[in-house]
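Here is my note on the model you asked me to look over. Please read it with the coordinates open.

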Amino acid sequence: MKTEFRLYQEADYSDLRDMIFSLYREDPEGEPMDEEKIKQTVAESRKNPGKLSIYMIRRDNENIGYAILVFFWSNEYGGDIITVDELYIKAEFRNQGIGTEFFSFADKMENIAALQLETTPDNQRAFEYYKRLGFIPDENNHLIRKSR
């Protein structure tokens, strides 16, 4: 079975929405999710594709996962850093190398200097998986302040 990674299309909306809600049920730490946020993310990806892209992960013409990628230029790294804001693969398709395939796909994007992601503190399984893929904890302390 060949895995396909393609940009989000309007017909994907219900699958995307359902998978996003599944992700937030499985890993509920952090900000709560609602449909309005999903619609805003989709709209922003259409409006600014160089800033934000949604990729659908597919097998046999079925959406089996998604990734939300945020791009920003880093002077320090001399290229774009892709922040993998969300990555989700349906449970029945996990442990089949799909995540690894996705990161290989992302590594080949134009002008990419680094990939970055985060995990919630209790998601040790994901943390260990990402470490096996070569991700290392950043030396910097990351801080956030909500504007709303």
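1. Basis. This is a predicted model, in which local features need pLDDT of at least 70 and side-chain atom pairs count only at pLDDT 80 or more, while totals for chains, interfaces and linings use all residues. Residues are numbered from 1 along each chain as its sequence is written, and side-chain values use heavy atoms, with hydrogens and water left out.

2. Elements. The protein chain has 4 helices and 5 strands, and from the N terminus on these elements follow the order β-α-α-β-β-β-α-β-α. Helices (H or I, at least four residues) and strands (E, at least two) are DSSP runs, numbered from the N terminus.

3. Overall dimensions. The radius of gyration of the protein chain is 15 Å, which agrees with the value near 15 Å that a compact globule of 148 residues would have; the radius is taken over C-alpha atoms, and the globule rule is 2.2 Å times the number of residues to the power 0.38. Taken along the principal axes, the box filled by the C-alpha atoms is roughly 40 × 35 × 35 Å.

4. Of the 148 residues, 38% count as buried, where buried means under 20% relative accessible area, exposed over 50%, and partly exposed in between (1.4 Å probe, protein chains only). Among contacts with a separation of 6 or more, 57% come from residues 24 or more positions apart, contact meaning heavy atoms within 4.5 Å.

5. Surface. The accessible surface of the protein chain comes to about 9900 Å², and 48% of this belongs to carbon and sulfur atoms; the areas come from the Shrake-Rupley method with a 1.4 Å probe, and for residues only the protein chains shown count as cover.

6. Largest core. A nonpolar core is a set of buried Ala, Val, Leu, Ile, Met, Phe, Trp, Tyr and Cys residues joined through side-chain atoms within 4.5 Å. The largest one has 22 residues, of which I57, L69, I82, L87 and F102 touch the most other members. The elements that give two or more residues to this core are β2 (52–59), β3 (62–74), β4 (79–89), α3 (98–107), β5 (112–117) and α4 (124–132). Leaving aside residues up to four places away in sequence, F102 touches F5, Y55, I57, A67, L69 and L87. Apart from this core lies another, of 14 residues, among them L16, M56, Y66 and Y88.

7. Helix α2. T41 lies in helix α2 (residues 35–47) and is partly exposed, with a relative accessible area of 26%. Beyond residues up to four places away in sequence, T41 touches L52, I54 and I68; T41 and I68 are 27 residues apart in sequence and 8.9 Å apart in space, C-alpha to C-alpha. A43 also has its place in helix α2, and A43 counts as partly exposed because its relative accessible area is 37%. A43 and I144 are 101 residues apart in sequence and 23 Å apart in space, C-alpha to C-alpha.

8. Positive phi values. Which backbone angle of N61 is near 60°? The angle is phi, a positive value in a residue other than glycine; N61 is placed in the loop between β2 and β3 and counts as exposed, at 69% relative accessibility. N95, in the loop between β4 and α3, likewise has a positive phi of about 60° although it is not a glycine, and N95 is exposed, with a relative accessible area of 70%.
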